[in-house]
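Here are my notes for someone opening this entry for the first time. Please read them with the model on screen.

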Amino acid sequence: MQFNSSSPQFHKEMISTPNLPLAITLHFNSYFSVAYAFLVGRLIVLKLFHFRFNDWLQEAILAPVYVIWLAVECIRIYLGQNGNLCDRVESLAAFLLLSIFPQFLVVLYLAFFQDFVFPCDSAIGSLMLTIISMEVFFGCQALRRLIQRQTKLFHSTYQQEGETQWRWSETLTQYD
């Protein structure tokens with residue numbers, strides 16, 4: 001399909017169209033992450049100071065895993081919002097990669113695979129895993145649609161430049 005740069009169809013293709021389910025999920029996650037960080041951080045401090053771990057490795061990696069989750073979560077939510085609202089393929093792809101690794105695995109560990117797992121850990125961890133899964137699902141849909149739109153726009157621009165170049169070479173051959 002060819003687009004003329006002055007046609008309304010061309011300008012319709014240029015308009016940014018964020019994925020609403022992804023935007024809603026990211027918005028909810030930005031608030032829930034604050035509560036999750038506070039609750040899980042408090043539980044980790046409680047576990048480290050009041051419980052005796054069976055394995056020293058579990059005790060050694062608990063705090064660094066939490067810090068990794070905290071740092072990556074801020075970056076991940078920013079990249080998701082930026083990629084979705086500004087139609088940036090690279091930001092949305094980075095958001096999806098950070099959602100799958102390390103976030104999903106870190107939350108899975110914090111929710112189910114520690115030495116001491118409280119019912120609160122499992123409950124809020126399950127909710128966070130559900131939110132991350134929804135973000136990955138909606139993010140894949142948004143990324144697929146965005147790539148299709150960008151590809152269509154590239155092909156239409158390439159066709160217009162090809163026609164302009166063909167007309168220019170035709171004009172030059174007439175004067176030879």
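1. A crossing is left-handed if the near helix is turned anticlockwise from the far one by less than a right angle, and right-handed if clockwise. Helices (H or I, at least four residues) and strands (E, at least two) are DSSP runs, numbered from the N terminus. With that in hand, look at α2 and α4: α2 passes α4 in a left-handed crossing.

2. Ground rules. This is a predicted model, where local features need pLDDT of at least 70 and side-chain atom pairs count only at pLDDT 80 or more, while totals for chains, interfaces and linings use all residues. Residues are numbered from 1 along each chain as its sequence is written, and side-chain values use heavy atoms, with hydrogens and water left out.

3. Overall make-up. The chain has five helices and zero strands. Along the sequence the pattern reads α-α-α-α-α. The chain has 176 residues, and 38% of them count as buried. Buried means under 20% relative accessible area, exposed means over 50%, and partly exposed lies in between (1.4 Å probe, protein chains only). The chain exposes about 10,800 Å², and carbon and sulfur atoms supply 69% of that area. Accessible areas come from the Shrake-Rupley method with a 1.4 Å probe; for residues, only the protein chains shown count as cover.

4. Contacts along the chain. Contact means heavy atoms within 4.5 Å. Take the contacts in the chain with a separation of 6 or more: residues 24 or more positions apart account for 78% of them.

5. α2 against α3. Two packed helices are described by the angle between their axes and the distance between the axes. Axes are lines fitted to C-alpha atoms, for helices over the stretch in contact, and angles run from 0 to 180 degrees between N-to-C directions. Helix α2 covers residues 20–50 and helix α3 covers residues 56–85; their axes come within 11 Å and cross at roughly 165°. The two helices are therefore roughly antiparallel to each other. Angles under 35 degrees count as roughly parallel, over 145 as roughly antiparallel, 65 to 115 as roughly perpendicular, and the rest as oblique. The crossing of α2 past α3 is left-handed. By class, the contact of α2 with α3 has 15 nonpolar, eight polar and four charged residues. Ala, Val, Leu, Ile, Met, Phe, Trp, Tyr, Cys and Pro count as nonpolar, Asp, Glu, Lys and Arg as charged, and the others, Gly among them, as polar.

6. Two residue pairs to check. His27 and Gln81 are 54 residues apart in sequence, yet 8.4 Å apart in space, C-alpha to C-alpha. Ala63 belongs to helix α3 and is partly exposed too, at 31% relative accessibility. Ala63 and Ile44 are 19 residues apart in sequence and 7.1 Å apart in space, C-alpha to C-alpha.

7. α3 against α4. Helix α4 spans residues 89–112, and α3 packs with it at an angle of about 155°, their axes 8 Å apart. That makes α3 roughly antiparallel to α4. α3 passes α4 in a left-handed crossing. The contact of α3 with α4 has 17 nonpolar, eight polar and two charged residues.

8. α2 against α4. The axes of α2 and α4 come within 14 Å and cross at roughly 35°. From α2, the contact is made by Leu22, Leu26, Tyr36, Val40 and Ile44; from α4, by Leu92, Phe95, Val107 and Leu110. By class, that is nine nonpolar, no polar and no charged residues.

9. Backbone points to inspect. Most residues other than glycine have a negative phi, and most peptide bonds are trans. Asp87 has a positive phi of about 55° although it is not a glycine. Asp87 lies in the loop between α3 and α4 and is buried, with a relative accessible area of 13%. The peptide bond from Phe101 to Pro102 is cis, with omega near 15°. Pro102 is in helix α4.

10. Leu129. Not counting residues up to four places away in sequence, Leu129 touches Phe104, Val107, Leu108 and Phe112.
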